[in-house]
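Here is a friendly walk through one protein model. Have a look at the structure first, and then we'll go through some of its parts.

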Amino acid sequence: MDITRNRPATQAGPAEHFTGTVWLDEVAAPPAPSRLRMFSVHFAPGARTAWHRHPHGQVLHVTEGSGLVQRRGGPVEEIRAGDTVWIAPGEWHWHGAAPRTFMTHLAVVEAADDGTTTDWDALVGGDEYPG
Ligand code: MN
């Protein structure tokens, strides 16, 4: 058993993978054979991920605020505190805050054999993000 009381420093979401101001806090990344990776992700209003997919899927659990999620070919959908989203393995999608509200979610994935948790594609442009 291991109790974490000193967390790694909060990291800014890099501009090649995120639009706007995004902060990531690692909650858990236990050693093998666990493949669990868990982050708390804070999105300022208008901030969002780029298009991406996860090899083993992803659970998003919104803890604060309200935001948006979209899978490729589907509508932009509203999510709010208390909602839980399951994104299927390999499903292209993005997630982020709504235009005028903060959003925080827990993000839970399992890493692939090579350690990959995310494959990234293009940023979500202003034409795709609702104003
Ligand atoms: Mn995702």
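## Around the manganese ion

Let's start with the metal. Five residues coordinate the manganese ion, at 2.1 to 2.2 Å: H52 (NE2), H54 (NE2), Q58 (OE1), H93 (NE2) and H95 (NE2). Keep in mind that what you're looking at is a predicted model. If you follow the chain, the donors of the manganese ion are spaced as H-x1-H-x3-Q-x34-H-x1-H. H54 sits in the loop between β6 (52-53) and β7 (58-71), while H93 belongs to strand β10 (residues 93-97), so this pair ties together parts that are 39 residues apart in sequence. Are H54 and H93 buried or exposed? Both are buried.

Now for T118, which you'll find in the loop between β11 and β12 (119-120). The side chain of T118 makes a polar contact of 3.4 Å with the side chain of H54, one of the residues that coordinate the manganese ion. Another polar contact, also given as 3.4 Å, joins the side chains of T118 and T117. Setting aside neighbours within four places in sequence, T118 is in contact with H52, R53, H54 and P55.

T118 also turns up at the largest pocket. This pocket has a volume of about 380 Å³. Its lining is made of 23 residues, and those nearest the centre are L24, F39, T117, T118 and W120. Which elements give two or more residues to that lining? They are β1 (11-12), β3 (22-28), β4 (36-43) and β11 (103-110). By type, the lining residues split into 12 nonpolar, nine polar and two charged.

Between two of those elements there's a detail to look for: P33 lies in the loop between β3 and β4. The peptide bond leading from A32 to P33 is cis, with omega near 10 degrees.

Back in strand β7, let's look at Q70. With a relative accessibility of 13%, Q70 counts as buried, because the cut-off for that is under 20%. The side chain of Q70 reaches two partners: the backbone oxygen of G74 at 2.8 Å, and the side chain of W94, in a polar contact of 2.7 Å. Not counting residues up to four places away in sequence, Q70 touches W51, P75, V76, W92, H93, W94 and E128.

At 44% relative accessibility, R71 counts as partly exposed. Beyond its neighbours within four places in sequence, R71 is in contact with W51, E91, W92 and H93.

E128 has a relative accessible area of 31%, so it is partly exposed. Leaving out residues up to four places away in sequence, E128 touches W51, Q70, V76, W94 and L123.

Here are two pairs, one with R71 and one with E128, set side by side by their separation in sequence and in space (C-alpha to C-alpha).

| Pair | Apart in sequence | C-alpha to C-alpha |
|---|---|---|
| R71 and W51 | 20 residues | 8.8 Å |
| E128 and V76 | 52 residues | 8.9 Å |

Definitions and conventions. Residues are numbered from 1 along each chain as its sequence is written. This is a predicted model: local features need pLDDT of at least 70, side-chain atom pairs count only at pLDDT 80 or more; totals for chains, interfaces and linings use all residues. Side-chain values use heavy atoms; hydrogens and water are left out. Donors are N, O and S atoms within 2.8 Å of the metal (3.2 Å for Na, K and Ca); water is not among the atoms, so sites may look incomplete. Helices (H or I, at least four residues) and strands (E, at least two) are DSSP runs, numbered from the N terminus. Buried means under 20% relative accessible area, exposed over 50%, partly exposed in between (1.4 Å probe, protein chains only). A polar contact is a pair of N or O atoms within 3.5 Å; within protein, one must be able to donate a hydrogen and the other to accept it, and residues adjacent in sequence count only if both atoms are side-chain atoms. Contact means heavy atoms within 4.5 Å. On a 1 Å grid over the protein atoms alone, a cavity is a set of points where a 1.4 Å probe fits but cannot get out, and a pocket is an open set with protein on both sides within 12 Å along at least five of seven lines; lining residues have an atom within 4 Å of a point. Grid points are joined across faces, edges and corners, and a volume is the space filled by probe spheres set on the points. Ala, Val, Leu, Ile, Met, Phe, Trp, Tyr, Cys and Pro count as nonpolar, Asp, Glu, Lys and Arg as charged, and the others, Gly among them, as polar.
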